[in-house]
Amino acid sequence: MARATEPGYWLKAVGHARGPLAEHWLDERPELLRRTGFPRRPRIAEGDRLVLYASVWRRVFAVVQVVGEAEPREHPRWPWTVATEPLLVVPTLDAAPPVEAIGVAARSMSQQSHIRLRAEHYDLAVEALASVAAR
């Protein structure tokens, strides 16, 4: 379904202190590019763009596009999920740019599963990731 308005832009946390992503996350968790979870129903819509953020690493490592509506699922921590398609990917977290490179302080994500980004932050994320991403 086509959208009449600009897509929404979001910074989406992946991993946490007790379960951080591995440096070579793509080898171990490629499914992160196809689906992501939320603790409650997100206001994210089909066509929105998510900048994926490795929480413990404090780095942005991918841009994905939402390709479906939020759906409930059986998961104790992330009972809502959206399907996604990858647009830009940095397969190694050590090579990924820090979140500050997109104009967002790491503390903004404290205790948040996702936050809305302004278009200029999304543009900075695309630029930073494109400079090191596998396409």
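**Notebook: strands, core and pockets**

I began with the strand pairing and found that β1 and β3 pair in the parallel sense over six bridges. Two strands count as paired if DSSP finds at least two bridges between them. Helices (H or I, at least four residues) and strands (E, at least two) are DSSP runs, numbered from the N terminus.

I noted the source: this is a predicted model, in which local features need pLDDT of at least 70, side-chain atom pairs count only at pLDDT 80 or more, and totals for chains, interfaces and linings use all residues. Residues are numbered from 1 along each chain as its sequence is written, and side-chain values use heavy atoms, with hydrogens and water left out.

**Entry 1: around β3**

I looked up the partner of V14 and found A54 in β3 as its bridge partner. A54 also stands opposite R59 in β4. β3 and β4 pair in the antiparallel sense, over six bridges. They form a hairpin with four residues between them.

I then checked how covered β3 is. Five of its six residues are buried. Buried means under 20% relative accessible area, exposed over 50%, and partly exposed in between (1.4 Å probe, protein chains only).

R58 counts as partly exposed because its relative accessibility is 48%.

**Entry 2: the nonpolar core**

How many residues does the largest nonpolar core have? I read 40, and L11 and F61 have the most contacts inside it. Such a core is a set of buried Ala, Val, Leu, Ile, Met, Phe, Trp, Tyr and Cys residues joined through side-chain atoms within 4.5 Å. The elements that give two or more residues to this core are β1 (9-14), β3 (49-54), β4 (59-66), β6 (80-89), β7 (114-117) and α2 (119-130). β4 gives the most, with six residues.

I listed the contacts of F61 next. Contact means heavy atoms within 4.5 Å. Not counting residues up to four places away in sequence, F61 touches V14, L21, W25, L52, Y53, A54, L88, V89, V90, L93, A96 and L129.

Is V104 buried or exposed? V104 sits in the loop between β6 and β7, and I count it as buried because its relative accessible area is 7%. Leaving out residues up to four places away in sequence, V104 touches L11, V99, I115, L117 and H121. V104 and L11 are 93 residues apart along the chain, yet their C-alpha atoms are separated by 9.3 Å.

T36 lies in strand β2. T36 is buried too, at 8% relative accessible area. Its contacts, not counting residues up to four places away in sequence, are K12, L50, W80, T81 and V82.

**Entry 3: pockets**

I used a 1 Å grid over the protein atoms alone: a pocket is an open set of points where a 1.4 Å probe fits, with protein on both sides within 12 Å along at least five of seven lines, and lining residues have an atom within 4 Å of a point. Grid points are joined across faces, edges and corners, and a volume is the space filled by probe spheres set on the points.

The largest pocket has a volume of about 430 Å³. Of its 18 lining residues, H16, S55, M109, Q111 and Q112 are the closest to its centre. By class, the lining has seven nonpolar, seven polar and four charged residues. Ala, Val, Leu, Ile, Met, Phe, Trp, Tyr, Cys and Pro count as nonpolar, Asp, Glu, Lys and Arg as charged, and the others, Gly among them, as polar.

The second largest pocket holds about 330 Å³. Of its 17 lining residues, R29, L32, G37, R73 and W78 lie nearest its centre. β1 and β2 (35-38) each supply at least two residues of this lining. Its classes are five nonpolar, six polar and six charged.

P7 lies in the segment before β1. P7 is partly exposed, at 21% relative accessible area. Leaving aside neighbours within four places in sequence, P7 is in contact with G47 and D48.

R40 is in the loop between β2 and β3. I count R40 as exposed because its relative accessible area is 58%.
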